[in-house]
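Subject: Structure handover

Hi,

Here is the structure I promised to pass on to you. Have a look at it first, and then read on for what turned up when I went through it.

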Amino acid sequence: MSYNINEKGYYGEFGGAYIPEMLYPNVEELRQNYLKVMAEPSFQEEFNQLLKDYVGRPSPLYFAKRLSKKYKTKIYLKREDLNHTGAHKVNNTIGQILMAQRLGKKRIIAETGAGQHGVATATVCALMGMECIVYMGEIDIARQAPNVARMKMLGATVIPALSGSRTLKDATNEAIRDWINNPVDTHYIIGSAIGPHPYPDMVTKFQSIISEEIKSQLKEKEGTENPDYVIACIGGGSNAAGTYYHFLENEDVGIIAVEAAGKGIHSGESAATSVLGKEGIIHGCKTLLMQTDDGQITEPYSISAGLDYPGVGPLHSHLYRTGRGEFYSATDDEAMQAGLELAKLEGIIPAIETSHALAVFNYKTFKPDDIVVISLSGRGDKDLNNYIEYFNL
Amino acid sequence: MNRIQQKLHEHKKLLSIYFTAGYPTLNDTVTVIENLEKAGVDMIEIGLPFSDPLADGPTIQASSTQALKNGMTTTVLFEQLKDIRKTVTIPLIAMGYFNPMLQYGVEAFCAKCKEIGIDGLIIPDLPVDVYQEEYQTIFEKYGLINVFLITPQTSDERIRFIDSVSNGFIYMVSSASTTGAKSGFGNAQSNYFERIAAMNLKNPQIVGFGISNKQTFQQATQQARGAIIGSAFIKHISTNGIANLDQFVNPIIS
Ligand SMILES: Cc1ncc(COP(=O)(O)O)c(C=O)c1O
C-alpha cells in the first residue's frame with residue numbers, strides 16, 4: 001500500500017483534477033512544471049533561505065513537560081506557531097510564490113477563511129512586490145477583522161465573497177472564478193492540501209518541512225527519528241499533511257487526525273468530514289465531503305474559522321479509508337478547554353484550530369514511553385476575541 | 001440518429017437557450033421548455049442547479065441558489081420531465097456539475113435521461129480524459145451525446161483530441177470567463193472564431209458565454225453553427241416571467 005500520490009494525481013481513489021476546461025491550461029501548466037521547478041537547485045536554495053531567515057525555521061520541537069506529566073506520556077510540540085505570521089500556512093505561501101515567479105506570473109489570488117492563509121499570502125506578495133487579491137467570505141470578514149486589517153496593511157486587496165453561504169467554501173469558489181477570468185498572468189495560491197491535482201501534492205511537499213525537521217530534531221533529543229504518533233488538526237489538511245509526510249510509509253508511526261465536531265458530530269453543526277462526508281467532488285478534487293443526498297455541498301460549522309471546510313484533502317480521505325490514519329473529532333467545548341489547558345500548563349496560547357489537536361487526550365490514552373508529536377499549527381493571537389467571549393476573560 | 005445530430009444537419013444557424021430548472025419557481029421547468037419550443041428555439045439546455053457552480057457568473061449562480069431553495073433536486077427534475085416528449089420534439093440537453101450526477105449514480109443518471117428523452121449532457125467539471133476512461137461506454141450505452149468545452153486558451157492539439165472524443169458538437173466558450181453577458185465581441189473573439197473555423201473540425205461548433213442579443217448572436221454564428229444564450233435569458237424571465245417567450249426569442253432570430 002502506498003500513501004503517496006500516483007502519476008495520475010490520485011491517492012488511492014481520491015484526488016484527480018475535476019476542473020472546467022477553462023482552467024485546464026493553468027492547472028496543466030502547473031502540473032507539468034511543479035516537480036521540475038521544485039527540484040531546481042536555485043529554487044531549493046531560495047526556498048530554504050527564506051524559510052530560515054524570513055520565517056525563522058527550523059521551528060523548535062519542544063518537550064512539553066507539564067502536559068506530558070498530566071497525560072502520562074512523552075509529548076513534543078512542533079512549534080509552527082513561532083513561524084513568521086503565526087502559523088504553518090507561510091511554509092506553503094513561500095513555496096508557491098517562488099513557483100509563481102518561475103512560471104512568469106504577475107498577479108496572485110488566494111482564498112481565506114480565518115484570514116491566516118490570506119495574511120501569509122499577502123505577506124509573501126509584499127515580500128516579492130506582487131499584486132495580491134484575497135477572497136474572503138463576507139461573514140468571515142466580519143468575524144476576523146484584525147486579519148483583514150493585516151492583509152490591507154500588507155498591500156492586499158480583500159474582496160468579499162457574497163455568493164452562497166459567504167464563508168470559506170464560497171471564497172474558494174470566487175478565487176477559482178477569478179482564475180477562470182484571468183487565465184494567463186495569475187497564479188492561485190491555494191491555502192490547504194485541497195483542490196485539483198497537483199495542488200494537494202504541491203502543498204503537501206511545501207509543508208513536508210515540518211516532518212523533515214521533526215525527524216532530525218527527534219533524533220537529537222530521543223535518539224530515534226520516529227515518534228510513536230504524529231497528531232494534527234485537519235481543516236483541509238495542510239499542517240497535517242506536512243506533519244505526516246515523512247512518516248506515511250513507516251507504519252510503526254501512528255497517524256492521528258483530529259477534525260472539528262463543532263457542537264457535536266450529529267448536531268447538524270459540525271465539520272467532522274470523515275464521519276459525515278461521502279465521496280464526491282469539491283473544488284476540482286474527488287474526496288470525502290459533506291453534502292446532501294442530492295449532491296449539494298453543505299455548510300460545515302466549527303468554532304474555529306480555519307476548520308470549517310466541507311471537505312478534506314484527498315490524502316486524508318485515503319488515510320481514513322485505508323485505516324492508515326486514526327480519526328477523531330473534538331467538539332468546540334473540548335477544543336476550547338484543551339487550548340486553555342495548554343496556556344495554563346505550558347504558557348502557550350494556541351490557535352483554536354490547533355486546540356482541536358490538543359483535545360486528542362479526551363479520546364486516546366497513550367503509553368508512558370510513547371513519543372507523541374503534536375503539530376502546534378498556529379498561535380492564538382487571532383482568536384483572542386473568541387477565547388475572551390467563551391471564557392468571559 | 002440522435003435528435004442533436006439531426007438538428008445539426010439542418011441548414012440554419014441554431015439558437016440554443018440555457019435555463020436553470022426550477023427557476024423562477026419550482027414547477028416552471030416544463031412550461032419554460034414548451035414555451036421556448038413554441039417561440040422557435042432550436043435546442044434547450046436544462047440546467048441542474050448546483051450549490052457551487054464554479055464556472056458560472058452572478059446571474060446563473062443566483063438562479064441556481066433560488067432553484068435549490070425552491071426545492072429542486074435531480075429526482076424532482078426527472079419527475080417533472082417524465083412526460084416531456086409528449087409535447088416537445090427539439091433536442092434537450094441536461095447541463096450540470098458532476099457531483100450531483102455522481103451521487104445519483106452515473107449509470108442510473110444516464111438511464112433516466114434516455115428513458116425521458118434527454119439527448120445529451122454538458123458537464124463542465126468532468127474532464128474529457130476522465131470521461132474517456134471511465135464513463136464514455138456508459139454514455140454510449142444510453143445513446144447520450146456528451147458535449148465538451150473549448151476556450152480561446154485551449155491548444156490546437158487538445159482541440160483535436162476533444163474533437164476526436166466528441167460525437168455531436170463542440171461548445172466554444174467565447175472568452176476566458178465565467179458565464180454572463182458581455183458588452184460585445186472584439187478582435188480577440190473574431191480571431192478565435194476564425195482560428196477554430198480554419199481547423200475544419202469533424203464536429204460543428206456552437207458558441208456560448210457572453211451572447212445576449214441579435215448582434216452578439218450574429219457575430220458568434222458567422223462561422224459557428226449556432227450559439228447558446230443563458231444569463232441574458234435568465235435575466236429576461238426574472239423580470240418578464242415565463243409566458244410570451246417569443247418576446248425574447250424573436251428579436252434574436254428574426
Ligand atoms: C493555525 C491553523 N491551524 C490549522 C488550520 C487548518 O488548515 P489545514 O488543515 O490546512 O492545516 C488553519 C487554517 O486556517 C490554521 O490557521
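Let me begin with P41(A), which is found in helix 2 of chain A. P198(A) is 157 residues away from P41(A) in sequence, and the C-alpha atoms of the two are 21 Å apart in space.

Before you go further, please keep in mind that this is a predicted model. For the complex, the predictor gives an ipTM of 0.95 and a pTM of 0.97. Chain B has an average pLDDT of 96, and 100% of its residues score at least 70.

**The ligand**

The ligand is surrounded by 21 residues, and the closest are G235(A), S238(A), G306(A), S377(A) and G378(A). Three elements of chain A give two or more residues to this shell: helix 5 (116–128), helix 11 (238–244) and helix 15 (352–358). Helix 11 of chain A contributes the most, with three residues. By class, the shell around the ligand has 13 polar residues, seven nonpolar ones and one charged.

D252(A) sits in the loop that runs between helix 11 and strand 10 (254–262) of chain A. D252(A) is exposed, because it has 8 C-beta neighbours inside 10 Å and the limit is 12 or fewer. P227(A) is 25 residues from D252(A) along the chain, and their C-alpha atoms are separated by 8.6 Å.

**Where the chains meet**

**A helix crossing in chain A**

Helix 4 (residues 89–102) and helix 9 (residues 199–207) of chain A have axes that come within 8 Å and cross at roughly 115°. The crossing of these two helices is right-handed. From helix 4 of chain A, the contact takes N91(A), N92(A) and G95(A), while helix 9 of chain A brings V203(A), F206(A) and Q207(A). Four of the contact residues are polar, two are nonpolar and none is charged.

**Backbone geometry**

Some backbone angles deserve a look if you plan to work with the coordinates. Most peptide bonds are trans, and most residues other than glycine have a negative phi. In chain A, the peptide bond from R57(A) to P58(A) is cis, with omega near 0°. P58(A) belongs to the loop between helix 2 (41–55) and strand 3 (61–63) of chain A. In chain B, the bond from Y23(B) to P24(B) is likewise cis, with omega near 0°. The loop that holds P24(B) lies between strand 1 (14–20) and helix 2 (29–38) of chain B.

Positive phi values turn up as well. H283(A), which is not a glycine, has a phi near 45°. H283(A) lies in the loop between strand 11 (278–282) and strand 12 (285–289) of chain A. Is H283(A) buried or exposed? H283(A) is buried, because 28 other C-beta atoms lie within 10 Å and 20 or more are needed.

N200(B) is not a glycine either, and its phi is positive at about 50°. The loop between helix 9 (187–197) and strand 8 (205–208) of chain B is where N200(B) is placed. With 7 other C-beta atoms within 10 Å, N200(B) is exposed.

G180(B) lies in the loop between strand 7 (170–173) and helix 9 of chain B. G180(B) has 19 C-beta neighbours inside 10 Å and so counts as partly exposed. Apart from neighbours within four places in sequence, G180(B) is in contact with G57(B), P58(B), T59(B) and S231(B). G180(B) and N200(B) are 20 residues apart in sequence, and their C-alpha atoms are 28 Å apart in space.

Key: Residues are numbered from 1 along each chain as its sequence is written. Chains are lettered from A and ligands numbered from 1 in the order in which they are written. This is a predicted model: local features need pLDDT of at least 70, side-chain atom pairs count only at pLDDT 80 or more; totals for chains, interfaces and linings use all residues. A residue is near a molecule or strand if its C-beta atom, placed from the backbone, lies within 6 Å of it. Helices (H or I, at least four residues) and strands (E, at least two) are DSSP runs, numbered from the N terminus. Ala, Val, Leu, Ile, Met, Phe, Trp, Tyr, Cys and Pro count as nonpolar, Asp, Glu, Lys and Arg as charged, and the others, Gly among them, as polar. Axes are lines fitted to C-alpha atoms, for helices over the stretch in contact, and angles run from 0 to 180 degrees between N-to-C directions. A crossing is left-handed if the near helix is turned anticlockwise from the far one by less than a right angle, and right-handed if clockwise. Two residues are in contact if their C-beta atoms, placed from the backbone, lie within 7 Å. pLDDT is the predictor's confidence in each residue, from 0 to 100.
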